[in-house]
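Subject: Structure for your review

Dear colleague,

Please find below the structure I am handing over to you. My notes on what was found in it follow.

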Amino acid sequence: MAVPSGMPVTFYDALWDASAAIERFRFLAPQIGGATPRSFDEVAADMQHLCDSFALPQLGGAEVIPSLIVISLMAEPVAHGESTPEIRQYFEAYSPRNGVCVWEAF
């Protein structure tokens, strides 16, 4: 999947949390881990891009549009909700508004 940083990114899965109306899109991004990991600042634009160009189009046919979209990058596969401090992960939240993802500060 093409992202602004040029690093390889692969879609991993999507998880719907009906109780909170949150859709999570998780991606594998091995270059955020390892000996010379990419920093959050280096991949922040990638997360925005994945929300706008991948996540939003996936919602087109959904009966319920989430109030929040969470984009996560994982250096390696991690079970959702599992604590794995040895595996780097980055998360960012967005609200879908008027066809774009609007960043939401936690």
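**The hairpin of S1 and S2**

S1 and S2 form a hairpin in which 4 residues separate the two strands, and Ala21 in the turn has a positive phi of about 55 degrees. Please bear in mind that this is a predicted model. The two strands run antiparallel and are joined by 7 bridges. Within this pairing, Thr10 stands opposite Leu28 in S2.

**Positive phi values**

Ala21 is not a glycine, although its phi is positive. Its place is the loop between S1 and S2. A second case is Asn98, a residue other than glycine with a positive phi near 50 degrees. Asn98 is found in the loop between strand S4 (89-97) and strand S5 (100-104). With a relative accessible area of 82%, Asn98 is exposed.

**Aromatic pairs**

A pair of aromatic rings is described by the distance of the centres and the angle of the planes. A search of the whole structure finds 5 aromatic pairs. One of them is formed by Phe11 and Phe54, with 4.9 Å from centre to centre and 40 degrees between the planes, and this pair is tilted. Phe11 belongs to strand S1 (residues 10-17) and Phe54 to helix H1 (residues 40-58), so the pair ties together parts that are 43 residues apart in sequence.

Are the two residues of this pair buried or exposed? Phe11 has a relative accessibility of 33% and counts as partly exposed. Phe54, at 15% relative accessibility, counts as buried because the cut-off for that class is under 20%.

Phe54 also pairs with Phe25: the ring centres are 6.1 Å apart and the planes stand at 90 degrees, so this pair is edge-to-face. Here the cut-off is an angle over 60 degrees. Phe25 lies in strand S2 (residues 22-28) and Phe54 in helix H1, so the pair ties together parts that are 29 residues apart in sequence. Both Phe25 and Phe54 are buried.

Which residues make up the aromatic cluster that includes Phe54? Phe11, Phe25, Phe27 and Phe54 form one cluster. Through its pairs with Phe11 and Phe25, Phe54 of helix H1 is linked to strand S1 and to strand S2, the two strands of the hairpin described above.

Yours sincerely,

A colleague

Technical notes:
Residues are numbered from 1 along each chain as its sequence is written. This is a predicted model: local features need pLDDT of at least 70, side-chain atom pairs count only at pLDDT 80 or more; totals for chains, interfaces and linings use all residues. Side-chain values use heavy atoms; hydrogens and water are left out. Rings of Phe, Tyr and Trp (its six-membered ring) pair if their centres lie within 6.5 Å; planes under 30 degrees apart count as stacked, over 60 as edge-to-face and the rest as tilted. Buried means under 20% relative accessible area, exposed over 50%, partly exposed in between (1.4 Å probe, protein chains only). Two strands pair if DSSP finds at least two bridges between them.
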